[in-house]
Amino acid sequence: MARTPAQPRAWQRMLSGRRLDLLDPSPLDIEIEDIAHGLARVARWNGQTHGAHSFSVAQHSLLVEAIASHLHPDWSDGWRLMALLHDAPEYVIGDMISPFKLVMGDAYKDVENRLLGAIHLRFGLPPQTPAPLKKKTKEADTIAAFFEATRLAGFAREEALVYFGRPKALPAEVLAWLDPLDTEAAQALFLARFAALSGIAPPAGPIASAGPG
């Protein structure tokens with residue numbers, strides 16, 4: 001019979017061997033390999049998308065960073081990296097859909113913000129996303145949501161316009177990120193983009209370096 005621990009467990013064991021405390025996350029317990037692995041296996045839209053593969057949070061993150069970089073070509077690599085990592089806490093807490101976030105309220109946000117701050121510190125970024133960057137990344141995130149909703153998640157265009165607004169036009173090379181990738185490809189491309197923006201080499205192994213299409 002399993003012994004009852006003295007205190008409830010608030011940490012998760014990662015495949016890297018790290019033990020991440022959700023109540024007090026330490027940057028020292030965060031590894032980009034764990035983030036990429038987790039995000040590539042978390043499905044956007046609760047998995048309610050068309051295609052042979054789930055549309056993962058890793059791929060969504062690549063899409064958002066591509067949109068932000070297209071709209072703001074003057075951004076530094078550091079700002080682009082923060083856009084790429086905007087949903088990084090979801091490697092631990094999953095992708096909670098917006099309606100459920102509304103139900104959960106501040107408790108969810110507090111955990112998410114603590115994790116994001118620790119992730120930023122781990123990779124040499126400011127713990128708080130600068131307000132202008134946060135606003136512009138949210139704009140890119142909303143544009144991504146519109147195209148994901150209409151192309152993958154079954155929304156009619158008129159319905160998506162109500163919830164996400166009218167998106168800006170995007171070039172084909174950015175929209176190509178909407179084609180769902182298999183888990184390994186999404187993970188590899190996320191790691192490769194992280195390495196390109198951070199200057200931190202990806203782990204040894206076959207890492208894809210080219211985008212879709």
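1. Six-membered and other aromatic rings were searched for pairs across the whole structure, a predicted model, and the search finds 6 aromatic pairs. Rings of Phe, Tyr and Trp (its six-membered ring) count as a pair if their centres lie within 6.5 Å; planes under 30 degrees apart are called stacked, over 60 edge-to-face, and the rest tilted.

2. Trp45 sits in the loop between helix H1 (32-39) and helix H2 (57-71), and Phe164 in helix H8, so the pair ties together parts that are 119 residues apart in sequence. Helices here are DSSP runs (H or I, at least four residues), numbered from the N terminus.

3. Phe155 and Phe164 make a tilted pair, 6.0 Å centre to centre with 55° between the planes. Trp45, Phe155 and Phe164 form one aromatic cluster. Trp45 counts as buried at 19% relative accessibility, Phe164 as partly exposed at 23%, and Phe155 as partly exposed at 22%. Buried means under 20% relative accessible area, exposed over 50%, and partly exposed in between (1.4 Å probe, protein chains only).

4. Helix H7 (residues 131-151) packs against helix H8 (residues 157-164) at an angle of about 160°, with the axes 10 Å apart; H7 and H8 are therefore roughly antiparallel. Axes are lines fitted to C-alpha atoms, for helices over the stretch in contact, and angles run from 0 to 180 degrees between N-to-C directions. Angles under 35 degrees count as roughly parallel, over 145 as roughly antiparallel, 65 to 115 as roughly perpendicular and the rest as oblique.

5. On the H7 side of that contact are Thr142, Ala145, Phe146, Ala149 and Thr150, and on the H8 side Arg157, Ala160, Leu161 and Phe164. Contact means heavy atoms within 4.5 Å. The residues of the contact of H7 with H8 divide into 6 nonpolar, 2 polar and 1 charged. Ala, Val, Leu, Ile, Met, Phe, Trp, Tyr, Cys and Pro count as nonpolar, Asp, Glu, Lys and Arg as charged, and the others, Gly among them, as polar.

6. The axes of H2 and H7 come within 9 Å and cross at roughly 120°, and H2 and H7 are therefore oblique to each other. The residues of this contact divide into 8 nonpolar, 2 polar and 3 charged.

7. Residues are numbered from 1 along each chain as its sequence is written. In this predicted model local features need pLDDT of at least 70, side-chain atom pairs count only at pLDDT 80 or more, totals for chains, interfaces and linings use all residues, and side-chain values use heavy atoms, with hydrogens and water left out.

Definitions and conventions
Helix = DSSP H or I, 4+ residues; strand = E, 2+ residues; numbered from the N terminus.
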